[in-house]
Amino acid sequence: MAAKKKIKAVVKIQIPAGKATAGPPIGSSLGPHGINIGQFVKDFNDKTSGQDGLIIPVVMTIYEDRSFEFILKTPPVAVLVMKELGLSKGSGVPNKTKVGKLTKAQVEKIAKIKMPDLNAASLEAAMSMVKGTARSMGVTVEE
């Protein structure tokens, strides 16, 4: 049985899909841990090349021998809502200014994409979470 590697750090960052570079925020977050940033950038860009325009959260485990592993999460709900509606940003005043409207089918589509990372027991619960995020962005939701 192989010896278990000792974890030095766990780093969480959000990076645009396919556009990672060795500069900030990646370089400044990972540089102090002494890992091969170029290798991470190459691996990340290869894995996310088909998801252009999305922000991808990454949970990176860095070991004491300077090796690393990373897990890609699903994009934040707000990013998925903006992509679905073609928005560049949400409303600054969500209670007064509405910026778009989601259909029930669109909410379900976003909930299915996000389901692996949510702590929702059912699709209906996940859809409720998506609706809440959409409303906080100034997007109305069809019932």
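**Ground rules.** I call two residues in contact when they have heavy atoms within 4.5 Å. The model is a predicted one, where local features need pLDDT of at least 70 and side-chain atom pairs count only at pLDDT 80 or more, while totals for chains, interfaces and linings use all residues. Residue numbers start from 1 along each chain as its sequence is written, and side-chain values use heavy atoms, with hydrogens and water left out.

**Entry 1: the whole chain.** I found five helices and five strands in the protein chain. Following the sequence, I wrote down the pattern β-α-α-β-β-α-β-α-α-β. Along the principal axes, the C-alpha atoms fill a box of roughly 55 × 35 × 25 Å. Next I looked up burial, where buried means under 20% relative accessible area, exposed means over 50%, and partly exposed is in between (1.4 Å probe, protein chains only). Of the 143 residues in the protein chain, 38% are buried. I also looked at contacts with a separation of 6 or more: 59% of them are between residues 24 or more positions apart.

Entry 2: I picked Leu30, which sits in helix H1. Is Leu30 buried or exposed? Leu30 counts as buried, because its relative accessibility is 0%. Setting aside neighbours within four places in sequence, I listed its contacts as Val11, Ile35, Ile37, Phe40, Met60 and Ile62. I followed up Val11, whose C-alpha atom is 7.7 Å from that of Leu30, although the two are 19 residues apart along the chain. Val11 belongs to strand E1 and is buried too, at 11% relative accessibility. Its contacts, with neighbours within four places again left aside, are Ser29, Leu30, His33, Val58, Val59, Met60 and Ile62. For Val59, I noted 48 residues of chain between it and Val11 in numbering, yet 5.9 Å between the C-alpha atoms.

**Entry 3: helix H2.** Which residues of H2 (37–47) are buried? I found Ile37, Phe40, Val41, Phe44 and Asn45. At the N-terminal end of H2 I found a cap: a side-chain oxygen of Asn36 lies 3.2 Å from the backbone nitrogen of Gly38.

**Entry 4: two loop details.** The peptide bond from Pro24 to Pro25 is cis, with omega near 5 degrees. I placed Pro25 in the loop between strand E1 (7–16) and helix H1 (26–30). Arg66 has a positive phi of about 70 degrees, although it is not a glycine. Arg66 lies in the loop between strand E2 (55–63) and strand E3 (68–72) and is exposed, with a relative accessible area of 55%.

**Entry 5: helix H4 and its partners.** In H4 (104–114) I marked Gln106, Val107, Ile110, Ala111 and Lys114 as buried. Their arc around the axis is only 135 degrees, so they are on the same side of H4. They pack against helix H3 (77–85), strand E4 (100–102), helix H5 (123–136) and strand E5 (139–141). How do H4 and H5 lie to each other, and at what angle do their axes cross? The axes come within 9 Å and cross at roughly 110 degrees. H4 and H5 are therefore roughly perpendicular to each other, a term for angles of 65 to 115 degrees. The contact involves Lys104, Val107, Glu108, Ile110, Ala111 and Lys112 of H4, with Leu123, Ala126, Met127, Val130 and Lys131 of H5.

**Entry 6: Ser91.** My last stop was Ser91, in the loop between H3 and E4. Ser91 is buried, with a relative accessible area of 13%. A polar atom of its side chain lies 3.1 Å from the backbone nitrogen of Val93. Beyond neighbours within four places in sequence, Ser91 is in contact with Thr97, Val99, Met137 and Gly138.

Terms used: Helix = DSSP H or I, 4+ residues; strand = E, 2+ residues; numbered from the N terminus. Arc of directions from axis to C-beta. Polar contact = N/O pair within 3.5 Å; in protein donor to acceptor, adjacent residues only side chain to side chain. Axes fitted to C-alpha atoms, helices over the stretch in contact; angles between N-to-C directions. Parallel < 35°, antiparallel > 145°, perpendicular 65-115°, else oblique.
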